[in-house]
Amino acid sequence: MTEERLSFQAEVSRLLDIVAHSLYSEKEVFLRELVSNASDACDRLRYAALTQPELSAEDPNLQVRLLADKEARTLTVADNGIGMNREDLIENLGTIARSGTAAFMKSLKEANTEGKKDVNLIGQFGVGFYSAFMAADRVEVLTRKAGEAQGWRWLSDGKGEFTIAEAADLPRGTKIVLHLREGDDEYLEEHRLGAIVRKYSDHIAIPIVFGEGEDAKALNSASALWTRSKNEITAEQYKEFYHHVGHAFDEPWLTLHWRAEGALEYTNLLFVPSTKPFDLFDPKRAHRVKLYVKRVFITDAAEGLIPPYLRFLRGVVDSEDLPLNISREMLQHNPMLAKIRAGLTRRVLSELNKKAKDTENAAEYATFWENFGAVLKEGLYEDYEHRDELLKLLRFRSTAGDGLVSLEEYVGRMKDGQDAIFTLSGEDVDSLLRSPQLEGFRAKGVEVLLLTDPVDEFWMPSVGVYDGKPFKSVTRSGADLGKIKGGEEEKPEDKAPEGELVDLLALLKLTLSDAVKDVRKSERLTDSAVCLVSDDNDMDMHLERLLKQHKQLGADAAGAKRILEINPSHPLIKRLADRAKAEGAAVNLEDAAWLLLDQARIVEGESLPDPAAFARRLASAMEKGLA
Ligand SMILES: Nc1ncnc2c1ncn2[C@@H]1O[C@H](COP(=O)(O)OP(=O)(O)OP(=O)(O)O)[C@@H](O)[C@H]1O
């Protein structure tokens, strides 16, 4: 077959353009990426050979080999792993497959619109195979897939196109030949290559050798990092391993390395990232921890190995007891896997608890919480067994200040007569702090937890109480402030006399009867004239809005009617109460009634059902005011 000429996917061309022109300071990472791919290819072959031994029989010693040809100025990264056929080549080396790179491209777009220099971002993401073009102006891939006879040659100068042609007599596996750019001869030197391999790839379990035949030299220690004892591993090595196994480019926030012994033996090397991975809220909620059995890679998608609410973990679990030839499908139902998950969950939660309790480094835990708190909260309704542990990990913003508070701290400073944990849900803390519903709580010095994660609406009703105290939204009518002591007591003359309010309440109820469930005197307002609250048995206002946003409830669904609360000490309410006694008040105050309700809706962030009527009433009221 003759040579085929194909175009890169548009995103790849853009990416390559950036890669080639970047003055990326850590150019050497291209080698890390290629060695990492080569070792993954060996892992995949080793796994496939468990059920099809003939795949690796001709050449069973898996390894990665670096070859330098000073005359031709080429550096070759060769492996005898799984290899690629024509379709694999087109699919893998013509498009952007890896999630990290796709995310990288997305962030480039964002960075571009902000007019920032984009090239520096490469360092944060790594660009896999395409990083070869940082050091090479021409890349040749010679590859033959295990179990297939036909080999292939892929060639590109990274400028929009690549060619694919059949190639004869290739050994199994993949050779990446880099025709180095001018000035990049350092990557032909053994000592330089050895230093890069030791720096980034020493943890790789298969041998990485330099040269061929008699002169071949091992560059790494070739023992899986997690099998070494902790005191032999440096922080730097852990970090590099985390980058390799997690396809990550940040620092690990927490490194957990332990061996479980006894009835079930397994080694875990797990990391909590210090930044939020892009796919954290992917609906599949898949984790990325790799499962090995006796050092053989099995899968990075073992369902049931990690509970979904810990899906931010990266790393490996290596079991001594699971059968090596277990199919990925059978794994899920294996009781040993459930036991490993239970042990691992217990351990991870207890380590997180240690961090949470370390008040001297509260900022450190706050970083973790900002990144992964919303994910952990899913465990509160999914994993009853660990609920108590999880409750200890919770942190909240509150009306008490800028820091984060735990439930224990909150309960510790509850007021006399306060029997509930008060909460307020909304989109963001700043707008929550402006809510009129908070006024009375503030006046009495009662702390309110501010909730901004959608998941709060699910775990809170499921958990219900903490330490015997129910969670109660301040937007509910039953949030009874009267019983709580503290704050300034109001002087009776501040309020409209009871009798006068009766007329106004009756009038408002009559006028607004189709729009609200009730109109009541408020205990929670001190500054604002009005606010909306929901009846104790109705859906929380925030939850209703959230469900509408997520299309779980039709945007025009009626929803539960609200209760309008009026502030008896507000001058406007006092005036209206006065007017309400007069003859013909029902007609005269109709506009005022609707304006009060619309005002409360606006403050609540709700849209007005009839904005035109609102504008008309407001204009008329202003006109009268100016007359
Ligand atoms: N040496 C190799 N042998 C076999 N397949 C390879 C080799 N190098 C790359 N590939 C294939 O090309 C794909 C793309 O590689 P690339 O480095 O761009 O991303 P990736 O390794 O998939 O990304 P990630 O590291 O995030 O999984 C790989 O997933 C793999 O299927």
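**Helix α24.** I began with helix α24, residues 611-626, in this predicted model. At 1.5 Å a residue, its 16 residues should span 22 Å, and I found the end C-alpha atoms 22 Å apart, which agrees. I then looked up burial: the number of buried residues in α24 is zero, so the helix lies largely in the open.

**The five-stranded sheet.** I next traced an open sheet with mixed pairing, whose strand order is β10-β11-β14-β12-β13. Its edges are β10 (252-260) and β13 (296-299), each of which pairs on one side only.

Val 293 stands opposite Ser 319 in β14.

I also recorded helix α11 (residues 335-357), which lies across β10, β11 (266-273) and β14 and runs at about 135° to β10.

**The nonpolar cores.** Which residues touch the most other members of the largest nonpolar core? Among its 63 residues, I found these to be Leu 305, Leu 313, Val 317, Val 448 and Leu 449. Helix α11 gives the most to this core, with seven residues. Domain 2 (226-357) and domain 3 (362-483) each supply at least three residues to this core.

Leaving aside neighbours within four places in sequence, Leu 305 is in contact with His 287, Val 289, Leu 291, Val 317, Leu 337, Ile 340 and Arg 341.

Lastly, I noted a second, separate core of 56 residues, including Val 12, Val 77, Tyr 200 and Ile 206.

How values were computed: Residues numbered from 1 in each chain as written. Predicted model: local features only at pLDDT ≥ 70, side-chain atom pairs only at ≥ 80, totals over all residues. Helix = DSSP H or I, 4+ residues; strand = E, 2+ residues; numbered from the N terminus. Expected span 1.5 Å × (residues − 1). Buried ≥ 20, exposed ≤ 12 C-beta atoms within 10 Å, placed from the backbone. Pairing = 2+ DSSP bridges. Contact = placed C-beta atoms within 7 Å. Axes fitted to C-alpha atoms, helices over the stretch in contact; angles between N-to-C directions. Core = buried A, V, L, I, M, F, W, Y, C linked by C-beta atoms within 7 Å. Domains from an automatic or database assignment.
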